[in-house]
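The following note sets out numbered points on the structure shown below. Please read each point beside the coordinates.

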Amino acid sequence: MAQSLELLLIQFLMPDNDARRQAEEQIKRLAKDPQVIPALVHHLRTAKTPNVRQLSAVLLRKKITGHWAKLSPQLRQLVKQSIIESITLEHSPPVRRASANVVSVIAKYAVPAGEWPDLLPFLFQCSQSPQEDHREVALILFSSLTETIGDSFRPHFADLHSLLLKCLQDETSNRVRVAALKAVGSFLEFIHDEAEVVKFREFIPSILNVSRQCLASGEEDVAVIAFEIFDELIESPAPLLGESVKSIVHFSLEVCSDQQLELNTRHQAIQIISWLAKYKSKSLKKHKLVTPILHVMCLLLVESSSVDNDDDLAPDRAAAEVIDTMALNLSKQVFPPVFEFASTSSQNANPKFREAAVTALGVVSEGCLNLMKDKLQPVLHIVLGALRDPEQIVRGAASFALGQFAEYLQPEIVAHYESFLPCILNALGDSSDEVKEKSYYALAAFCENMDEEILPFLDALMSKLLAALQSSPRKLQETCMSAIGSIATAAEQAFIPYAERVLELMKSFMVLTSDENLCARARATELVGIVAMSVGRARMEPILPPYIEAAISGFGLEFSELREYTHGFFSNIAEILDDSFAQYLPHVVPLSFASCNLDDGSAIDIDESDTDENIHGFGGVSSDDEAHDEPKVRNISVRTGVLDEKAAATQALGLYALHTKSSYAPYLEETLKILVRHSSYFHEDVRLQAIIALKHVLTAAEAVFRGHSEGSAKAKEVLDTVMSIYIKTMTEDDDKEVVAQACMSVADIINSIGYVAIDPYMSQLVDTTSILLREESACQLVESDGDFDADDTEHDEVLMDAVSDLLPAFAKCMGPHFAPIFSKLFGHLMKFAKSSRPSQDRTMVVACLAEVAQNMGPPIAGYIDTVMPLVLKEITSSEATNRRNAAFCVGELCKNGGEATLKYYGDILRGLSPLFSVSEPDDAVRDNAAGAVARMIMVHPEAIPLTQVLPVFLQALPLKEDHEESMAVYGCVCNLVLSSNSQILSLVPDLVKLFAQVLISPVESDEIKALIGRAFSHLMSLYGQQMQPILAALPPAHANALASFSPRS
């Protein structure tokens, strides 16, 4: 075999492709025989050319795994000895490295079996050799062996530590230093106990010293290896950084600030800062590194990038990503220095500084949203000023920032529409397409939360947008369509005058078929669905067929984004047509199924340690079924188009089921299978849509099985499936938004189907709720960076709001029977009410307590003394939401808490009093305060000084905003009147005025108006003609509203 194999190895290395292919086939055939191993060892030792020796080593590495057990002990010994000799005596570095990799694979089997006792002594001896080559190969072997027998080195950790430190400081060989750096990184995953962690930290100063020396001598590739080590240190679950985080940050800041260095080197340094901000944010805060980092990053934003530079490596772009990451993880520490930088730099004569000022504000708007909302006026002043800057780069950055604000600073930013919209209108006519495109985006995001405020600007906006839609380049047309969609959503029926023109224009976009135009077609399809939602079914249904036909035909164009937007289009059409959408189900449901069943398109990049194989083309010959080595997965990338398409299709299935209900029967089983699968999908966007859709499918299933002989059992099967997924998601899913949605869906289901149906799941639901309140679910367990911060109270507000909504849902379906369960959850809930917690946490608790009291009833009395101090304190909060929830809560506690609340009545009235004054800026707060007083009067009128309270109470009416308080407030007033209460009858003129205002209100219910009518009739029966002067003084509309309740003479 040896002779024929040598010829084949030589033939494989020839440039002739046919000869190469023939050799490859022959080598594969021979490689199935165990005797190929000694033959390859022979050629590794004796072949004349390095390429043949290297190829022999590569093939050995691939084939040794399958044949090692079949070799005799003598042959195994020969192989080990020959490989060691090859490493020691070989002059070619690639052959030595390839041989080292063979050692690693053999060691995987030989060392644990005790068959290679002299391997480690050889390595230690080799690493101290005076020959540079030997030292380097020993270190390469140490690195390689960690992948197969890393645990075998644990008893030798102290010796290895000394050895690696020495090699890191090898002043005679760059190659040895590089190999030492790689070896240090390889041992990271084997560092576990505290002593090893402390010992390992000693490497960091040496790594930094070597890196600085190499940078000074122009050896930047070594510095990059150092950053790779730091990357591993940061991601390690062991607290390997310790105090050295300071020196790593300072070094990284030095490197990324040095404009003489290669872009890639600087980028690596910036990435280290980014990873620290993401994974070790508490360490940055603890060591007071946030401000120094931001100082450097903000200055990097100013740095000009050459047009030839790769965008991904541009320092200003990478710095922006770091600032964004820091804002998301350290908002309180980030916003003050960024705002200071922006305030100063916005006045700088250098346009790059002005650009950086507004870029920084835009970048931090997501992470620092709550802090920015408090400074929205000065922040907007800077950015709107920049939108009028003479320099295009500044205007472009300003339009980007406004887009970020519009997306993240909702709904508060909408209050600034009078300054925001005129500036955006002006920017829509900018000479720069970049500024225009970003302005369309900003306009689209801004208008999403607008209502009638947009109406004064509607004509001016639509004039510009319709003109742009017909004359702009395709890319601008796409963003223009997004802006029109947001405006249509905000304007609702007021958009009708523009709808016909927009829809007519969309027809030409929805028939485009060339690849470069499919994005525009996708946006047009989306826009038609949005316009349909705004103008309504009556106007849209007659003209739908051509749009439906065009939308369906788009699925034949093999463009994922178009399919994604078309699923959204049909979701909107299902919503406006409701049950009439059933006619389209046979056409659209299979399309959604097809999208849901698409291949994910994951692309996995493999990190092959044998880089020489790929460089020299040796990969193909070794890639057969006998190669059992497991490569490391370096990176997983996903075709986001397919992912977004799946999310949209999943959402569509849920909406089709919700709106067509029993007509959805033929698709129910397959849809449920898909949603069950997608509820555990690898990406959270798809899981989220599956969790939402499951509730809709449950609604459809109830309609489908209603009245069937086995319907009850089948509906119960669906409910079992849905609830088991929700319960599992609540504790096991690692995404907070998905878990929050599961909680909200469970609360909705409980509220809609009641206790009897939900009872089988209550025990598990209570357990999962307890886990979430204790913040011990998968999505709440974040990786520790070794620095516990007792004051750290950051969590996802949306998640905990959703969790806290479960308790009122339980209380609503169980009533007083919820009391034993509430006693188990109460302590965990109250943890969020501590004074050290953010105001959002405290008001969440207060709102939850209010609704539990409302629904559980009398058992809340046992908690009055614990919760009343909290609620009274929250009544004085500077936050309107906190005051509003506290006022509502105190009313429900008094209504349901019985005698236990009486001792607090004086404190409650004193606390509520400022909420009735002109100094209270929030109408909803005043409405809830009125609701609280009404409930107090209803349960214990004797405990209320009505003479003092009623005039103030009536003065705050009618309700301005929170009409959910109507029954409590007007019920109280009418009961007092109908019972002829003397204190209220002394206020007849105020009562008559109030009654008239309620009767003409378009928002109050007929039930409330009938109650008011009875009370007014009672007044007329008591006072008769004495009422005429009061009625005559009323405006005609008010008098007419009351007249219908006056007794006929």
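1. Charge. For this count Lys and Arg are positive and Asp and Glu negative, with His and the chain ends not counted; each charge is placed at NZ of Lys, CZ of Arg, CG of Asp or CD of Glu. On that basis the chain carries 88 positive and 140 negative side chains, and the centres of the two sets lie 1 Å apart.

2. Basis of the model. The model is predicted: local features need pLDDT of at least 70, side-chain atom pairs count only at pLDDT 80 or more, and totals for chains, interfaces and linings use all residues. Residues are numbered from 1 along each chain as its sequence is written, and side-chain values use heavy atoms, with hydrogens and water left out.

3. Overall form. The chain contains 54 helices and two strands (DSSP runs numbered from the N terminus: H or I of at least four residues for helices, E of at least two for strands). Its C-alpha trace spans about 125 × 75 × 65 Å along the principal axes. Of its 1049 residues, 55% count as buried (buried is under 20% relative accessible area, exposed over 50%, partly exposed in between, with a 1.4 Å probe and protein chains only).

4. Surface and contacts. The accessible surface amounts to about 44900 Å², and carbon and sulfur atoms supply 51% of this (Shrake-Rupley method, 1.4 Å probe; for residues, only the protein chains shown count as cover). Among contacts with a separation of 6 or more, 74% join residues 24 or more positions apart (a contact means heavy atoms within 4.5 Å).

5. Annotated regions. An unreviewed UniProt entry lists "domain: Importin N-terminal" at residues 23-89; positions follow the numbering used here, feature names are shortened, and annotations may be inferred rather than shown by experiment. This span is 81% helix and 0% strand, and its end C-alpha atoms lie 29 Å apart.

6. Aromatic pairs. The whole structure holds 18 aromatic pairs (rings of Phe, Tyr and Trp, the last by its six-membered ring, with centres within 6.5 Å; planes under 30 degrees apart are stacked, over 60 edge-to-face, the rest tilted). Phenylalanine 420 and phenylalanine 446 are stacked, at 3.9 Å centre to centre and 10 degrees between the planes. Phenylalanine 420 belongs to helix α24 (residues 417-427) and phenylalanine 446 to helix α25 (residues 433-447), so their pair ties together parts 26 residues apart in sequence. Both phenylalanine 420 and phenylalanine 446 are buried. The pair of phenylalanine 495 and tyrosine 498 is tilted, because its centres are 5.9 Å apart and its planes stand at 45 degrees; phenylalanine 495 and tyrosine 498 are both buried. Elsewhere, ring pairs link Phe810, Phe818, Phe822, Phe826 and Tyr863 into a cluster.

7. Serine 571. This residue sits in helix α32 (residues 560-577) and is buried, at a relative accessible area of 2%. Leaving aside residues up to four places away in sequence, serine 571 touches Gln651, Ala652, Leu655 and Tyr656.

8. Isoleucine 758. Helix α39 (residues 736-758) contains isoleucine 758, which counts as buried at 0% relative accessibility. Not counting residues up to four places away in sequence, isoleucine 758 touches Met723, Ile749, Ile750, Ile753, Leu765 and Cys813. The C-alpha atoms of isoleucine 758 and aspartate 258, 500 residues apart along the chain, are separated by 64 Å.
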